[in-house]
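Subject: Model handover, salt bridges and a helix contact

Hi,

Here is the structure for your files. Please open it alongside this note.

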Amino acid sequence: MNITPKGRRRGSHWHALLAVAGALMLAACASTPAPTASLQAAQQAIATAEGAEAGNYAAGELAEARAKLASADTAVKEKEMVMAERFADESRADAELASAKTSAAKAKAVNDEMKLSTGTLIEEMERSSGATP
């Protein structure tokens, strides 16, 4: 033990400072609220994707969103709020991706149908114009 001429131990300020910093970190972790808004956003994004029939067009992404939401719920129960929020945000992103892929697939199907209809109309017009003098 090193004692300075004034009778204080060397490094006692550092110990006190570290103790205060540790207490603040514990308080910050303990007071982290549940990521309610993130969980609700993920649930809403999944419901939107399901309503858009993402299960038919982007089943993998929708399943991933559901799995990450379940992981977020588990993290909340285990009081791991930072992880819960991360899983909830990832779940929302996966659900939004599922919705986007569903919209793209539906738009492609409509476009393909329009091309087919246009091709049929062009054939009819060519037949009609060739039949009359």
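This is a predicted model: local features need pLDDT of at least 70, side-chain atom pairs count only at pLDDT 80 or more; totals for chains, interfaces and linings use all residues.

**Salt bridges**

A search of the whole structure finds 9 salt bridges. Side chains of opposite charge can pair when their charged atoms come close.

Start with glutamate 50 and arginine 66. Their closest N and O atoms are 2.7 Å apart. The pair links distant parts of the chain, 16 residues apart. Glutamate 50 sits in helix H2 (residues 36–51), and arginine 66 in helix H4 (residues 59–77).

Next, glutamate 53 and lysine 106. Their side chains form a salt bridge at 3.8 Å, N to O. Glutamate 53 is in the loop between H2 and helix H3 (54–57), while lysine 106 is in helix H5 (residues 81–131), so the bridge ties together parts 53 residues apart in sequence. Glutamate 53 has 40% relative accessibility and therefore counts as partly exposed. Lysine 106, at 32%, is partly exposed too.

Glutamate 124 is partly exposed, because its relative accessible area is 39%.

There is also a network. Salt bridges link Glu64, Lys68, Glu90 and Asp94.

**H2 against H4**

How do H2 and H4 pack? Their axes are 10 Å apart, at an angle of about 155°. Angles over 145 degrees count as roughly antiparallel, so H2 is roughly antiparallel to H4. The crossing of H2 past H4 is left-handed.

Which residues meet? The contact is made up as follows:

- From H2: Leu39, Ala42, Gln43, Ile46, Ala49 and Glu50.
- From H4: Leu62, Ala65, Arg66, Leu69, Ala72, Asp73 and Val76.

By type, the contact of H2 with H4 has 9 nonpolar residues, 1 polar and 3 charged. Glu50 and Arg66 are among the residues in this contact. They are also the partners of the 2.7 Å salt bridge.

Best wishes

Definitions and conventions
Residues are numbered from 1 along each chain as its sequence is written. Side-chain values use heavy atoms; hydrogens and water are left out. A salt bridge is a side-chain nitrogen of Lys or Arg within 4 Å of a carboxyl oxygen of Asp or Glu. Helices (H or I, at least four residues) and strands (E, at least two) are DSSP runs, numbered from the N terminus. Buried means under 20% relative accessible area, exposed over 50%, partly exposed in between (1.4 Å probe, protein chains only). Axes are lines fitted to C-alpha atoms, for helices over the stretch in contact, and angles run from 0 to 180 degrees between N-to-C directions. Angles under 35 degrees count as roughly parallel, over 145 as roughly antiparallel, 65 to 115 as roughly perpendicular and the rest as oblique. A crossing is left-handed if the near helix is turned anticlockwise from the far one by less than a right angle, and right-handed if clockwise. Contact means heavy atoms within 4.5 Å. Ala, Val, Leu, Ile, Met, Phe, Trp, Tyr, Cys and Pro count as nonpolar, Asp, Glu, Lys and Arg as charged, and the others, Gly among them, as polar.
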